[in-house]
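My notes follow in the order in which I checked things.

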Amino acid sequence: MSTARMSTGAYAPKPGAAPVGRMIAAQTALETRMLLRNGEQLLLTVVIPSLLLVLFSTVDLVDTGAGEAVDFLAPGVLALAVMSTAFTGQAIATGFERRYGVLKRLGASPLPRWALMAAKTLSVLVTEALQVALLTAIALALGWSPHGDPLSVFALLVLGTAAFSGLGLLMAGTLKAEATLAAANLVFLLLLVGGGVMVPLEKFGAAGDVLAFLPISALSDGLRDVLQGGSGMPWGDALILAVWAVLGLGAAARFFRWE
């Protein structure tokens, strides 16, 4: 009887790739678990932003202007968290995956290359959601009083993620892994100091007008306008982020090398 049933296809195997949506979900879960298990990544994405927020909010190290220091610092640290995950962390992880041939093997699997990039982006978004939740809780405990439209905040975070992801993938796909490691960490430190995260851009004089066009500056200032000033969507900062996103993602798609 079983032979007869198998002949009708009741138990016949059905070879083939899983639906793309299911493959993306599985790869996203894998990428997220790998990121959260990496001690260096956790230091970069969680520990450093949290320590900076607590330290600079409780100790008068930088003149942040009128009002509570945490009201100025919290939006900047949220922007820093986005950069640490979407740019620095993703660039380093992807660079070493490329070096060890992981990307090449995944590219030969049934998972399309665009789907792999989509899974990496979704993993970044999941990690950022955890970062935002943690940093928001810390800031609220320190006396933060956010204002503004949550949808504007969400839009800015998405634009910032797209901008930094494009730049991170461009770096990971064109430089050697060791060069990516050094360059990504150097850029992180430079933008931490000069990107309006902890220090107002006005403190840099005329150079502040140029620094304002950096993606970290646009994201920090945009979030600050909404969360501290209670303004609507800061379209100027959003436009800067959108331009960086188009340029970064376009260049990454054009020049990324899989091996």
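I began with Asp63 and Lys203, whose side chains meet in a salt bridge at 3.2 Å, N to O, where a salt bridge is a side-chain nitrogen of Lys or Arg within 4 Å of a carboxyl oxygen of Asp or Glu. The pair links distant parts of the chain, 140 residues apart, with Asp63 in the loop between H3 and H4 and Lys203 in the loop between helix H8 (177–194) and helix H9 (207–211). Helices here are DSSP runs (H or I, at least four residues) and strands likewise (E, at least two), numbered from the N terminus. I noted Asp63 as partly exposed because its relative accessible area is 47%, and Lys203 as partly exposed at 48%; buried means under 20% relative accessible area, exposed over 50%, and partly exposed in between (1.4 Å probe, protein chains only).

I must keep in mind that this is a predicted model, in which local features need pLDDT of at least 70 and side-chain atom pairs count only at pLDDT 80 or more, while totals for chains, interfaces and linings use all residues. Residues are numbered from 1 along each chain as its sequence is written, and side-chain values use heavy atoms, with hydrogens and water left out.

The salt-bridge count comes to 5. Among them, Lys120 and Glu97 meet at 2.6 Å, N to O; Lys120 lies in helix H6 and Glu97 in helix H4, so this pair ties together parts 23 residues apart in sequence. Are these two residues buried or exposed? I found both Lys120 and Glu97 buried.

Next I looked up Glu178, which forms a salt bridge with Arg99, the closest N and O atoms being 2.5 Å apart. Glu178 lies in helix H8 and Arg99 in helix H4, so the pair ties together parts that are 79 residues apart in sequence. Glu178 counts as partly exposed at 41% relative accessibility, and Arg99 does at 46%.

I then turned to H6 itself, residues 113–141. Its buried residues include Ala115, Leu116, Ser123 and Leu135, and what covers the buried residues of H6 includes helix H2 (20–37), helix H4 (69–99) and helix H7 (150–174). Val126, also in H6, counts as partly exposed at 38% relative accessibility. After H6 comes Gly143, whose phi is positive, near 100°.

Methods: Contact means heavy atoms within 4.5 Å.
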